[in-house]
Amino acid sequence: MKPTVFLLLVAGLPGCATAPSVVRPTSARPVLLVRDAVTAEAARGVWRSRGYGYVLTVSAKDLTLHHATAAGCYPQPGEDPGALSGFVYVMPDSTPDTLSLSTVPGDTRYLFERLPVLPPECSANTAWTPPRLFELFAATFTEHYAFFAERHVDFSARVSALRPGITDATEARALFGTFQALTTGLGDAHTRLTAEVDGETLGYGEGEARTLEHVDAEGKKAGRASRDAQRAWLTAYRDGILQGVLKGTGHHVANKRIFHGLVGDVGYLNVVTMGGYVDGDDVPLREELRVLDEALDTALQSFQGARAVIVDVSNNRGGHDVISRAIAARFTDTRRLAYTKVPFNSAVPPQPFHVEPASGPRYTGPVYLVTSDITVSAGEIFTLAMRALPNVTHVGTTTRGALSDVLVKPLPNGWSVELSNERYLDPKGQLFEARGIPPQQELEVFPEEDLHNGHARAVLSVVEAATGQRDAVQGGARR
């Protein structure tokens with residue numbers, strides 16, 4: 001049963017209560033939702049997070065957030081509440097000396113420990129010179145980035161090599177270039193730098209899917225800009241599903257993020273994002289889930305009696321973990337451990353997450369899960385959840401390998417850095433960050449020689465395997 005709650009701080013609910021890996025913070029002022037007045041009183045004070053680098057101050061009227069590292073502490077810049085929009089619910093496991101917060105009950109838990117006062121460095125009037133900013137950037141990654149070993153980067157050596165080049169006279173553009181050099185080669189889709197220098201917005205990130213790089217390269221040969229090439233590819237992807245796979249009898253719903261239909265007696269469900277099902281900005285997660293449930297109710301009802309169901313997330317760009325689990329819940333009849341997660345450098349127990357059977361229509365017969373190198377973030381969390389189910393066979397190609405939530409750290413000069421700081425493990429304790437989740441049966445979903453039509457052919461080959469028209473999915477065998 002959900003705990004009863006009331007508003008501790010009546011200042012406007014955050015526009016979106018979602019996993020930090022997906023949705024950028026909203027501009028609305030955050031509040032805490034608590035069970036009773038005793039909890040509200042106990043939540044007041046100063047708190048330091050275990051992991052994440054947060055210092056949170058809770059008063060009767062407001063919440064304030066500082067970002068703390070060994071190189072300094074500073075308040076959340078500007079009007080954007082940042083991570084505060086993720087601190088919504090005070091969870092029942094809070095104690096007088098610990099505060100356990102979550103975006104929604106059952107989602108990521110942020111554990112805080114009480115401090116007697118705000119640390120003096122958090123209220124210091126620090127002059128953030130280029131050398132100080134360099135040390136802050138280096139400390140932020142050292143303390144929170146979880147995958148230097150997996151991505152084969154000696155970050156401390158880079159810091160030592162580049163530190164002497166930063167002085168009080170270092171210009172902003174040169175400083176940005178140094179930050180870029182510190183992170184070059186990580187290949188992490190969840191790590192990014194953004195800055196504004198002399199009125200120009202600068203950005204740097206890596207980790208693009210090889211398939212999408214091939215799309216861009218093919219477009220370049222035809223004289224197309226990247227945006228136009230990817231738009232044409234997405235159009236072919238959509239038409240291949242609706243016409244090539246579903247033969248004009250399918251449905252394209254939930255703000256065009258979900259396809260579903262029947263291919264003979266095989267069900268087909270394609271989810272391209274774990275969210276975005278309602279058009280508009282700052283859509284509450286509960287509304288996203290409502291629209292998702294409506295779409296899944298219709299799809300799963302039509303799948304009753306199907307020989308098998310194909311769940312295709314080969315072009316899934318991520319979203320909300322809670323949505324990933326909600327979709328997986330339509331394919332199980334038993335509660336099962338999906339994965340655990342823990343923030344880096346935090347000394348907290350891993351938090352378990354389960355797939356719980358949905359109350360609406362479900363399908364628990366044979367399921368084929370299709371992934372590719374485009375499948376990323378919450379799409380990979382969905383992959384973990386589905387692989388925990390014994391009725392699911394994972395086919396396709398290896399996922400991107402960027403599972404961690406995005407930790408967003410605004411810098412005191414107005415720049416921003418995003419990085420991966422959480423370790424997701426499957427029920428066997430396997431870590432797939434940086435290497436991706438390999439399928440049980442190999443199937444090239446987006447062949448380089450036929451990027452625009454290969455996906456539909458690959459899906460139809462899975463249909464053939466599901467109906468016994470071929471012994472196994474082409475190119476692979478069951479692990």
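Tutor: A residue is called buried when its relative accessible area is under 20%, exposed when it is over 50%, and partly exposed in between, with a 1.4 Å probe and protein chains only. Helices (H or I, at least four residues) and strands (E, at least two) are DSSP runs, numbered from the N terminus. This is a predicted model, where local features need pLDDT of at least 70 and side-chain atom pairs count only at pLDDT 80 or more, while totals for chains, interfaces and linings use all residues. Residues are numbered from 1 along each chain as its sequence is written, and side-chain values use heavy atoms, leaving out hydrogens and water.

Student: What makes α2 mostly covered?

Tutor: Of its 15 residues, 11 are buried. Among them are P130, L133, F134, F137 and F141.

Student: How many Å does α2 reach, and what span is expected?

Tutor: The expected span is 1.5 Å times one less than the number of residues. For α2, residues 130-144, the expected value is 21 Å, and the helix reaches 21 Å from its first C-alpha to its last.

Student: Why is S416 called buried?

Tutor: S416 has 19% relative accessibility, and the limit is under 20%, so S416 counts as buried. S416 is found in strand β21. Contact means heavy atoms within 4.5 Å, and S416 touches R192, L193 and T194, among others, leaving aside residues up to four places away in sequence.

Student: What makes R325 and D107 a salt bridge?

Tutor: The term needs a side-chain nitrogen of Lys or Arg within 4 Å of a carboxyl oxygen of Asp or Glu. Here the N to O distance is 3.2 Å, so the pair qualifies. R325 lies in helix α8 and D107 in the loop between β8 and β9, so the pair ties together parts that are 218 residues apart in sequence. R325 and D107 are both buried.

Student: Why is E200 called partly exposed?

Tutor: E200 has 39% relative accessibility, which falls between 20% and 50%, so it is partly exposed. E200 forms a salt bridge with R173, at 3.2 Å between the closest N and O atoms. E200 is in strand β11 and R173 in helix α4, 27 residues apart. R173 is partly exposed too, at 39%.

Student: What makes R238 and D239 a salt bridge, and how accessible is R238?

Tutor: Their closest N and O atoms are 3.1 Å apart, and the rule asks for within 4 Å, so the pair passes. R238 is partly exposed, with a relative accessible area of 33%. D239 is partly exposed as well, at 33%.

Student: How many salt bridges does this rule give?

Tutor: The count is 18. E287, R290 and E294 are linked in a network of them.
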